[in-house]
Amino acid sequence: MRRVLAFSLLLLALAGPFGSTGEGFTANWAALDTAPGSARALAAGYWWGTDELGRDAWVRLCLGLRGSLAVSAMAVGLSAALGLFLGASLGTLRGFAGTVAARVVDILASMPLTLLALVLVSSLGRSLWSVAAVLGLLGCVPVARAVRVAIVAAQAEAHYLVAGLHGATSFEQFRWTLLPAMGSACQTSSVLLLPQVLIAEGTLGFLGLSIPDPGISLGGLLVESAGRATQAPLAVVGPSVLVFLLLLVVRPR
Amino acid sequence: MPAAPKRPNTLRAASQEGCRAGGRVVTEGDRKRVRAGIAADASGAPAGAVLPTVFRLLRSVGSLLAAALGAVGLCLFLMKAIAGGPFRSEQLSDPVLLANLDAAFGLATPWWQQWVQWCAGAVQGSLGTSFQHRGVEVTTLLASAWPVSVLLGAFALALGLALAVPSAVLVARARFGAAGRRSLASWWPTSLAFGAFCLEALMGALLCVPTYVSAPLMLVAAAGLTELPPVASAGDGVLRFTQAALVLAMPVAAVAFRWILLGLAEAASAPWWTAIRARRLSERRRWWRYALASVWPLLAGRLAPLAAELLLGSLAVELVFGLPGLGQLLGAAALHRDTPVLLGAVACSVVTVRGAQALADAWTVGWTALSLPTRNAGGLA
């Protein structure tokens, strides 16, 4: 069931704009602010209505889903790469350097996600890449912690010690005993990170700090539609349902 | 070099002693011994040693301060590294004027000097004055915004727990209680099973609704029900507050429900649960008094980060419902580059997050110390 839902959402993000004749970026002054399913919208050829600039709401909904998915995927990929590197450093560094690295991760982990994202996005500027970089940087902390725990656990395993006793070099020990454990931990924590990143991206979009125009994300769409919630409630329901379905797909059971 | 004598595991010894207490009533002496054993196991020192505990406490406080100061330094570095500033705007473009403004507000110095100045001010109890609200102390701004967020967060937490606890107990009774073992032919187990299924589905769905989705939907629903305008006027503060608390309570209820249910499942499979069942107490008393008591330590640890976030205010919810809380203050400070407010808020948030976690840990240890002898002895005093 989850796979079907995931495939449907992916299909909607990629091929959904072809389901309408309208434009997602071009304003149509003849059909401004029409509610989904209303007579005005249907007459103008927009079955899901238009926004206050006359852009096709259905196309924008699909583009918003595409934008959210793209940013989240990039952020999770970056988190995995950064977390793998940081976790390996934390797991293998000893002494003062190890303590400093652990405190740095502690500082990052104890700062509120939204606040740090606000600071970073407002400082780096709004773009698809900067939003993905910020979310990736913030998301790397749990991945790094999971990788560190996996390394420490693997170093206490008998096969790691036996490999050392049989003369394996540090690289060989790392390659054949630590790396598989790290990969598994990184994969698991990255999957668990996906819903958090989606929520964080939506929050940024809601605050106007996610993908800038002409791009759009689901959070940004929610802000747009919240202003005319009483005139067109379905415009709010559309992105809300998509966020709900996305989280339903990616949430761990 | 002779090997150091092995330190006896005082916690285990106390637990075994508690088990041996068997039929007799657990006394206050038993409780004290177990508490001392846990403290000794945690500090790595013999029971009764005070100095290591003090040392651990000081180390925790030092770590907390280091994290807060580190976070402040990180924020200052980021603010300094980026182009622009709080006074850059289209109206103010004269470079001499901007340089004078930067010098007057202490922004011309390197970030580490600003950090040292901020630390010195913080030691004296001053976090500086806001750039955005000219002349207003940061402490005054925080003191006016924080109560709103704390009240909202506490109300949401209480509401979430009030929703989650009965739901989890109901589902646990349907799954692991007497009703779960009975035939579904009679009406009571069938309705209980159906109710449990609905509750689980509802809580699972609530997990998938972030606050930035539920807040506008709540506005739409409220507008539909009461025909109020979506942006509330000044007269209906209580309504806005209740709606915001309800929105924040939803994820809390969903997360708490999961952990309480997990704890209840563990309790139902524990050996002491069999002893309690043998006492032939009513099922309601077994679940509400004994099974639920074993859940609190687990729940405290899991809910602590969430509670800290709630107490720091939710930016999206405060924006949507127009509540002047800490979240809104932080958002505005970050967007307008109001560095003093941002630094004060970051320090507050780090202290709150780490403090909440430390409190939860302390409570878990205390709760375990108080409840362990009772459970080990099967005592139902």
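Begin with the largest nonpolar core of this predicted model. The core has 158 residues, and those with the most contacts inside it are Val147(A), Met182(A), Val72(B), Leu248(B) and Ala253(B). As background, nonpolar side chains tend to be buried together in soluble globular proteins.

Next, select Ala253(B). Leaving aside residues up to four places away in sequence, Ala253(B) touches Gly160(B), Leu163(B), Ala164(B), Met203(B) and Leu206(B).

Then select helix α10 of chain B, residues 237-268. How far apart are the end C-alpha atoms of this helix? They are 44 Å apart, which agrees with the 46 Å that 32 residues should span at 1.5 Å a residue. Within α10(B), look at Ala249(B), where a kink of about 30° lies shortly before the proline Pro251(B).

Now colour chain B by confidence. Its pLDDT averages 74, and 72% of the residues score at least 70. Helix α6 (residues 138-176) of chain B has the highest confidence in the chain, at a mean of 88, whereas helix α1 (residues 10-20) has the lowest, at 44. Residues 227-232 of chain B have a pLDDT below 50, and this stretch has ten contacts in the model beyond near neighbours in sequence. Select also residues 377-381 of chain B: pLDDT stays under 50 there, and the model has 13 contacts for them beyond four places in sequence.

Finally, display chain A, which has ten helices and zero strands. Its C-alpha trace spans about 80 × 40 × 25 Å along the principal axes. The radius of gyration of chain A is 23 Å, while a compact globule of 253 residues would have one near 18 Å. Buried residues make up 48% of the chain.

Key
Residues are numbered from 1 along each chain as its sequence is written. Chains are lettered from A and ligands numbered from 1 in the order in which they are written. Helices (H or I, at least four residues) and strands (E, at least two) are DSSP runs, numbered from the N terminus. The expected span of a helix is 1.5 Å times one less than its number of residues. The bend at a residue is the angle between axes fitted to the seven residues ending there and the seven starting there. pLDDT is the predictor's confidence in each residue, from 0 to 100. Two residues are in contact if their C-beta atoms, placed from the backbone, lie within 7 Å. A nonpolar core is a set of buried Ala, Val, Leu, Ile, Met, Phe, Trp, Tyr and Cys residues joined through C-beta atoms within 7 Å. A residue is buried if 20 or more other C-beta atoms lie within 10 Å of its own, exposed if 12 or fewer, and partly exposed in between; C-beta atoms are placed from the backbone. The radius of gyration is taken over C-alpha atoms; the globule rule is 2.2 Å times the number of residues to the power 0.38.
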